[in-house]
Amino acid sequence: RAGSADFFLFCRSTPSHVPHMPDEPSPAVPPATIRVNRKRMLLTIKVALHHVSPSQIECNTSKTRIELTTTGRRRFALSRRYPNGTECDDAQTSASMQGHVLVVEMPITKLGAIPSLHATLPTSAAPFAPPAAGASAKKKKKKEAAEAAEAAEPPAKRPKKRPAKAAAPAAEAAPAAEA
């Protein structure tokens, strides 16, 4: 019965345990980097868009965020705020494709605060706290041995090495002179 039409239709049918896929999958988020150049007051956004032509890209920038969508076969969607509350002049946005990477540059009008290391640490923990009072016995012994070595006299100096004999080069020169 392998050649019958019923068997062929049975094999091609979707099993009941496979979930139904939607007609249009949700757009993927493309890999993007955002760089704030504080010296030049410039925000640079680089978005990798493989197999997407410039005519398929729709890029909207505002004072605080970027929104990017693509049409066609490859669907991407990106909606991101600028880092640390940075604000830009969206009227002077410049965008260009460099290979498969979309590069968007905008002048910065307001810089956000730089997050500091101390702001990320919990307040209860000191950054460089000494070891706890209940340190292990091995650590105590090592510390005591190091202190004792420092208190003791420095080790005796080794005698200087003797200089190389001066006769050795003269001995080599003598056979050369005889020849």
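## Basis of the description

Two strands pair if DSSP finds at least two bridges between them. Helices (H or I, at least four residues) and strands (E, at least two) are themselves DSSP runs, numbered from the N terminus.

The structure is a predicted model, in which local features need pLDDT of at least 70 and side-chain atom pairs count only at pLDDT 80 or more, while totals for chains, interfaces and linings use all residues. Residues are numbered from 1 along each chain as its sequence is written, and side-chain values use heavy atoms, with hydrogens and water left out.

## Overall architecture

The chain contains four helices and eight strands. Along the sequence, these elements follow the pattern α-β-β-β-β-β-β-β-β-α-α-α.

Of the 179 residues of the chain, 16% count as buried; buried means under 20% relative accessible area, exposed over 50%, and partly exposed in between (1.4 Å probe, protein chains only). The chain exposes about 14900 Å², of which carbon and sulfur atoms supply 58%. Accessible areas come from the Shrake-Rupley method with a 1.4 Å probe, and for residues only the protein chains shown count as cover. Among the contacts (heavy atoms within 4.5 Å) with a separation of 6 or more, 48% are between residues 24 or more positions apart.

Strands S3 (57–61) and S4 (65–70) run antiparallel and are joined by five bridges. A hairpin connects S3 to S4 through three residues. Within this pairing, Cys-59 has Leu-68 of S4 as its bridge partner, and Asn-60 stands opposite Glu-67 in S4.

S4 also runs antiparallel to S5 (residues 77–81), again with five bridges. Here Glu-67 stands opposite Ser-79 in S5. The hairpin formed by S4 and S5 has six residues between the strands, and Gly-72 in the turn has a positive phi of about 95°.

Glu-58 lies in strand S3. Its relative accessible area is 45%, so Glu-58 is partly exposed. Leaving aside neighbours within four places in sequence, Glu-58 is in contact with Glu-67, Leu-68 and Thr-69. The C-alpha atoms of Glu-58 and Thr-70 are separated by 6.0 Å, although these residues are 12 apart along the chain.

## The largest nonpolar core

A nonpolar core is a set of buried Ala, Val, Leu, Ile, Met, Phe, Trp, Tyr and Cys residues joined through side-chain atoms within 4.5 Å. In soluble globular proteins, nonpolar side chains tend to be buried together. The largest such core in this chain has 17 residues, and those touching the most other members are Leu-43, Ile-45, Val-47, Leu-49, Tyr-82 and Leu-102. Strands S2, S4 and S8 (101–110) each supply at least two residues of this core. The largest share, four residues, comes from S8.

Leu-43 has contacts beyond its neighbours within four places in sequence, and these include Ile-34, Arg-35, Val-36, Tyr-82, Pro-83 and Cys-88. Val-104, Glu-105, Met-106 and Ile-108 are also in contact with Leu-43.

Asn-37 lies in strand S1 (residues 32–37). Asn-37 counts as buried because its relative accessibility is 15%. Not counting residues up to four places away in sequence, Asn-37 touches Leu-42 and Ile-108.

Most residues other than glycine have a negative phi, and most peptide bonds are trans. Met-41, a residue other than glycine, has a positive phi near 55°. Met-41 is found in the loop between S1 and S2 (42–48), and at 29% relative accessibility it counts as partly exposed. His-51 likewise is not a glycine and has a positive phi of about 60°. His-51 is found in the loop between S2 and S3, and it is exposed, with a relative accessible area of 62%.
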